[in-house]
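I opened the model to trace its sheets, its helix packing and a few single residues. My notes follow in the order of looking.

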Amino acid sequence: MKTVGPATGSAAPVRLTSYARGGGCACKIPPGELEAMVAGLLPPPSPGQTPSPGQALDGDEDRLLVGLDDGDDAAVVRTGDGTAVVSTADFFTPVVDDARDWGRIAAANALSDVYAMGGRPLVGLNLLGWPRDVLPAELAGEVLAGGLDAARAAGCLVGGGHSIDSPEPLYGMAVTGLVDPDRLLRNDAGRPGVPLTLTKPLGVGILNNRHKRTGEVFAHAVAVMAALNDKASAAALEAGAVCATDVTGFGLLGHLHKLARASRVTAVVDAAAVPVLDGARESLRAGYVSGGTRRNLNWVRPHLDAGRAGEDQLQLLADAQTSGGLLVAGEIPGHPVIGELVPAVAGATLVIR
C-alpha cells in the first residue's frame with residue numbers, strides 16, 4: 001500500500017474532510033432518488049412523436065442534442081455553424097485534506113464531463129461554498145488555486161464564478177466546451193459486439209473513505225483523481241468510438257447500468273480484468289466502504305446477474321469513484337478491455353462473469 005506523510009501545501013493544518021458528511025462524488029444524491037426528482041421534467045411525447053432530449057424551446061428540439069433523457073454527462077446544444085456547445089457543472093465536498101489537491105481533483109472531475117462527450121473545454125467558472133466563520137479564507141484560496149492548476153493543464157480558461165457562505169466546504173466548476181456534433185460520445189450509442197474499455201483503475205472511493213477516517217494519505221489515489229481524461233477522450237475519438245461515459249459517484253456498475261439501459265443492450269463485465277488501485281482490496285476488507293457505494297450496489301441489484309461474484313467484489317465494482325476514468329464502448333490502446341456489450345438480456349442490464 002502506498003502512503004506518504006501528512007498533507008502539505010494547505011494554508012493551515014486543517015483536516016478538510018472532517019468538515020463534510022460525505023466526500024467527493026460519494027456525496028452525490030443516490031441515483032434512484034435523483035431519477036425520481038427529474039422524472040417530471042420530461043413531458044411524455046405525443047403518440048408517434050420522437051421524445052425530446054430535454055426541455056427545449058418550441059421549435060428548437062433539434063438543437064438540443066443531449067439533454068435530460070438518459071442522464072448523460074453533459075448537455076450538448078447545436079450552434080448552427082457546424083459545431084456544438086457542451087455545458088456541465090460539478091461540485092462536491094472535500095475528498096482529501098490537502099486544499100490544493102482537492103481543488104485540482106474537483107476541477108479535473110468537472111472537466112471530465114466535457115471529455116466524456118468527446119469535447120474540448122473552453123472556459124470554467126468556479127463554484128465555491130465556504131464556511132467562512134470556521135475555515136480561513138486563505139485555505140479557500142488554495143482550493144481555487146488547485147482548480148486553476150487543473151484548468152491550465154487542460155488549456156481551459158477560468159473566468160470567475162460564484163461563491164456562497166456554506167455550512168460545508170464545497171468546490172467544483174461549471175465548464176463550457178466545444179464538440180463536433182457528428183463525433184459525439186454518448187451513453188445511448190452502445191451496440192452489441194463492442195468491447196468495453198476502462199481508462200482509470202477503481203478503488204479511489206475506498207481509499208478516500210480510509211483517508212477521511214484515519215488521515216492516511218494515498219498519493220497514488222490523488223494522482224489518479226487529479227489526472228485529466230483528455231488523452232483518453234482523444235484516443236476514443238481516434239478509435240472511432242461513439243459511446244462513452246465517465247465513472248464517478250455511481251460507480252462502474254451504476255454508470256454502466258445507465259449506459260446499457262440507454263443503449264438497450266446488456267453489459268458483460270469480466271471482473272478479473274477490471275484494474276484496481278494498490279491497497280483498495282485490503283482497505284475494502286478492513287471495512288472502509290462508503291454509504292454511497294452501498295447505495296450504488298443496491299440500486300443496480302434488480303438489474304444485475306452477479307454470477308459467482310462475491311459481495312466484496314461487487315462493492316468494489318460499485319465503489320463511488322471521484323474523477324474516475326472514461327468507460328468507452330470500444331477498444332482504446334494502452335487501456336484494459338473489461339468486458340463487452342451484448343444483445344439485451346431479459347431482466348439484466350449487467351452480467352458479471
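Two strands pair if DSSP finds at least two bridges between them. With that settled, I looked up leucine 196 and found it opposite glycine 339 in β12.

**Ground rules.** This is a predicted model, in which local features need pLDDT of at least 70, side-chain atom pairs count only at pLDDT 80 or more, and totals for chains, interfaces and linings use all residues. Residues are numbered from 1 along each chain as its sequence is written, and side-chain values use heavy atoms, with hydrogens and water left out.

**Overview.** I counted 10 helices and 13 strands in the protein. For burial I used relative accessible area: buried is under 20%, exposed over 50%, partly exposed in between (1.4 Å probe, protein chains only). Of the 353 residues, 52% count as buried. For contact I took heavy atoms within 4.5 Å. Among contacts with a separation of 6 or more, 84% come from residues 24 or more positions apart.

**Six-stranded sheet.** I followed an open sheet of six strands in the order β1-β2-β3-β6-β4-β5, with mixed pairing. Its edge strands are β1 (64-66) and β5 (157-165), each pairing on one side only. I took angles from 0 to 180 degrees between N-to-C directions, with axes as lines fitted to C-alpha atoms, for helices over the stretch in contact. Direction ignored, neighbouring strands of this sheet are turned by 20 degrees against each other on average. Helix α3 packs on this sheet and touches β4, β5 and β6, its direction making about 165 degrees with that of β4.

Next I checked the pairs. β1 and strand β2 (residues 75-78) run antiparallel, joined by two bridges. There, valine 66 stands opposite valine 76. Strand β6 (residues 170-179) pairs with strand β3 (residues 84-92) in the antiparallel sense over nine bridges. Alanine 84 faces valine 179 in β6. β6 also pairs with strand β4 (residues 120-130), antiparallel, over nine bridges. Leucine 125 is opposite alanine 174 in that case.

**Helices α2 and α3.** How do α2 and α3 cross? The axes of α2 (residues 99-116) and α3 (residues 137-153) come within 6 Å and cross at roughly 40 degrees. I call angles under 35 degrees roughly parallel, over 145 roughly antiparallel, 65 to 115 roughly perpendicular and the rest oblique. The two helices are therefore oblique to each other. Their crossing is right-handed, meaning that the near helix is turned clockwise from the far one by less than a right angle. On the α2 side I listed contact residues including Trp102, Ala107 and Leu111; on the α3 side, Leu139, Val143 and Gly146 are among them. By class, this contact has 10 nonpolar, three polar and four charged residues. My classes: Ala, Val, Leu, Ile, Met, Phe, Trp, Tyr, Cys and Pro are nonpolar, Asp, Glu, Lys and Arg charged, and the others, Gly among them, polar.

**Seven-stranded sheet.** I then traced an open sheet of seven strands, ordered β8-β11-β7-β12-β9-β13-β10, again with mixed pairing. β8 (244-246) and β10 (304-305) are the edges, each pairing on one side only. β10 and strand β13 (residues 350-352) run parallel, joined by two bridges; leucine 304 has leucine 350 as its bridge partner. β7 and β12 run antiparallel with three bridges. β9 and β12 are antiparallel too, with five bridges, and valine 265 partners proline 343. Helix α7 (residues 251-263) lies across β7, β8, β9, β11, β12 and β13, at about 150 degrees to β9.

**Helix α4.** Is α4 (residues 204-214) mostly covered or mostly open? It is mostly covered, as eight of its 11 residues are buried. They include Ile206, Leu207 and Arg210. The cover includes α5 (219-226), α8 (280-285) and α10. Just after α4, glycine 215 takes a positive phi of about 90 degrees.

**Glycine 324.** I found glycine 324 in the loop between α10 (311-317) and β11 (326-329). It counts as buried, at 5% relative accessibility. Its C-alpha is 7.7 Å from that of proline 201, which is 123 residues away along the chain. Leaving aside neighbours within four places in sequence, glycine 324 contacts Ser112, Lys200, Asn229, Val247 and Thr248.

Terms used:
Helix = DSSP H or I, 4+ residues; strand = E, 2+ residues; numbered from the N terminus.
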